[in-house]
Amino acid sequence: MLTLLSAMYIVVRAASSEADPIRVLVTGAAGQIAYSLLYSIAKGDVFGKDQPIILVLLDIPPMLPVLDGVVMELQDCALPLLREVIPTDKVEVGFKDLDAAILVGSMPRKEGMERKDLLKANVAIFKTQGAALEKYAKKTVRVLVVGNPANTNCLIASKSAPSIPKENFSCLTRLDHNRARSQVAMRCGVPADAVKNVIIWGNHSSTQYPDVHHAMVNVHGKEVEAYSAVKDDSWLKGDFISTVQLRGAAVIKARKLSSAMSAAKAICDHMRDWWFGTLDGEFMSMGVYAGGNSYGIPEDLIYSFPVHIKNKSWNIHDGLPVNDFSRAKMDATAAELVEERDTALSFLSQ
C-alpha cells in the first residue's frame, strides 16, 4: 500500500511540476519559411525540451485551406510538447495572450513595384499587427519581425503597441549573421561554431554591414582574430561583404524561391538566444531599438547591433572600437533606415 501511495505521489508531483504551455504565434503560417520553422518550435528546439507549446498559426483567408494541411502534419508528428494548434485568420484569436510572436508574413515585392509602394503596403499590415499586440497580447510578449523590410516593419509594429516595451521588439538579422559566420568558417576550413562575434550592423538589406573586425576564429584550439585567421584583407573588405549582403538574391536566383530553411534556422537561433541568453564572451546580431546606443546611430530606428542577452533582456555590446572603414558603412546603412523610417511614418500618419 505504501509503495502504491508513493507511486501516486510521484505521479501527482510530476504532473504538478510541468510548466504551463506558452502561446507562440507565427504569421504567414502557410508559407514556406513557416513550413521549415514550425516543426522545430513544436518539438522543443527553441523554447526548451520541457516547455509545452500552444502554436497559433495566422494567415490570410485564402490560405486557410493550406493551413489546414499544415495543422494535419503537425498533428501527425505526434510531438509530446505540442498541446494545441490554432489556425486562424482573425487577429483577435491570433494575438490573444501571446508569450512570443514571430511575424513572418508581409507583403512581398512584386514586379514593377516601387519601394515606397512596398513600404506603404507593409505599414498597413504592421500597424494592424502592432495594434493587435497592444490590444490582445501579454505586455511581456517578445516579438520578432521577419517579414521585409524587417527593420522598418518592426519599428511600425512597436510604435503601434505603445504599452509594450520597445525592448520587446526585434527584427531578424541572425540569418545575415549566420551567413557571415559560415563564410569565414569555410574560408578558414573550420566548423561554423569555431567562429564567434561576427557583427551585422544596420538594415536587413543590401546596405547591411557584415563586420569581422572583432570576430575570433578557433584554429587548432587557439583563438585568433578573424583577419589573422583569414589572411586575406581584400576579400574581407570586398567579396566577403558583398556575398553576405547579396546572399538572399543569390538564393532566389538559384532556387527561384527565397531562403526558407536557413531563415527558419536563424529564427530558431534568435528566439532561443532571446529566451535562454547568449554565452559568456559572445554576442549575436539582432535588429533592436537604437535608443541610447554608444555608436552614434540615430535613436529612433530598429538597427542591427551586437547584443548579449541575459534573463530574456538584450543589451547592446558597447565599447567596440570603430575604424573609418566601418564608420562609413555603419552610417550608410543608418541613412537608408532613416529614409525608410521617414517614408513609413508619413504613411502611418495618413
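## A buried pair of cysteines

At 0% relative accessibility, Cys154 is classed as buried. This value, like every other in this report, comes from a predicted model. The cysteine sulfur closest to that of Cys154 belongs to Cys171, and the two sulfur atoms are 5.5 Å apart, which is too far for a bond. Cys171 therefore takes part in no disulfide. Cys171 is buried as well, with a relative accessible area of 0%.

A disulfide is a covalent bond that links the sulfur atoms of two cysteines. A pair of cysteine sulfur atoms is counted as a disulfide here if the two lie within 2.5 Å. The structure as a whole holds zero disulfides.

## The chain as a whole

The protein chain contains 13 helices and 14 strands. Its radius of gyration is 21 Å, close to the 20 Å that the globule rule gives for 350 residues, so the chain is as compact as a globular protein of that length. Taken along the principal axes, the box filled by the C-alpha atoms is roughly 75 × 55 × 40 Å.

Of the 350 residues, 50% count as buried. The protein chain exposes about 16400 Å², and carbon and sulfur atoms supply 56% of this area.

Strand β5 comprises residues 142-145, and both of its faces are covered. Arg142 and Leu144 are buried on one side, while Val143 and Val145 are buried on the other.

Which strands pair with β5? One partner is strand β4 (residues 100-103), which pairs with β5 in the parallel sense over four bridges. Within this pair, Ile102 stands opposite Leu144 of β5. Strand β6 (residues 169-171) is also a partner: it runs parallel to β5 and is joined to it by three bridges. Here Val143 stands opposite Phe169 of β6.

Another right-handed β-α-β unit is made by β4, helix α5 (residues 115-136) and β5.

The loop between β5 and α6 contains Pro149. The peptide bond that joins Asn148 and Pro149 is cis, with an omega of about -5°.

## An antiparallel sheet of three strands

An open sheet with antiparallel pairing consists of three strands in the order β7-β10-β11. β7 (195-196) and β11 stand at the edges, and each has a single partner strand, so one side of each is left without a neighbour in the sheet.

Strand β10 (residues 216-219) pairs with strand β11 (residues 222-225) in the antiparallel sense over four bridges. Val217 has Val224 of β11 as its bridge partner, and Asn218 is bridged to Glu223 of β11. β10 and β11 form a hairpin with two residues between them. His220, in the turn of this hairpin, has a positive phi of about 55°.

Met286 is found in strand β12 (residues 284-289). Is Met286 buried or exposed? With a relative accessibility of 2%, Met286 counts as buried, because buried means under 20% relative accessible area.

Leaving aside its neighbours within four places in sequence, Met286 is in contact with several residues, including Ser170, Cys171, His270, Trp274, Phe305 and Trp314. By contrast, Met286 and Pro52 are 26 Å apart in space, C-alpha to C-alpha, and 234 residues apart in sequence.

## Positive phi angles in two loops

Ala78 lies in the loop between α3 (64-76) and β3 (82-88). Its phi is near 55°, a positive value in a residue other than glycine. At 63% relative accessibility, Ala78 counts as exposed.

Lys312 has its place in the loop between β13 (302-310) and β14 (313-316). The phi of Lys312 is near 65°, again a positive value in a residue other than glycine. With a relative accessible area of 30%, Lys312 is partly exposed.

How values were computed
Residues are numbered from 1 along each chain as its sequence is written. This is a predicted model: local features need pLDDT of at least 70, side-chain atom pairs count only at pLDDT 80 or more; totals for chains, interfaces and linings use all residues. Side-chain values use heavy atoms; hydrogens and water are left out. Buried means under 20% relative accessible area, exposed over 50%, partly exposed in between (1.4 Å probe, protein chains only). Two strands pair if DSSP finds at least two bridges between them. A crossover is right-handed if, with the strands pointing away from the viewer, the path from the first strand over the helix to the second runs clockwise. The radius of gyration is taken over C-alpha atoms; the globule rule is 2.2 Å times the number of residues to the power 0.38. Accessible areas come from the Shrake-Rupley method with a 1.4 Å probe; for residues, only the protein chains shown count as cover. Contact means heavy atoms within 4.5 Å.
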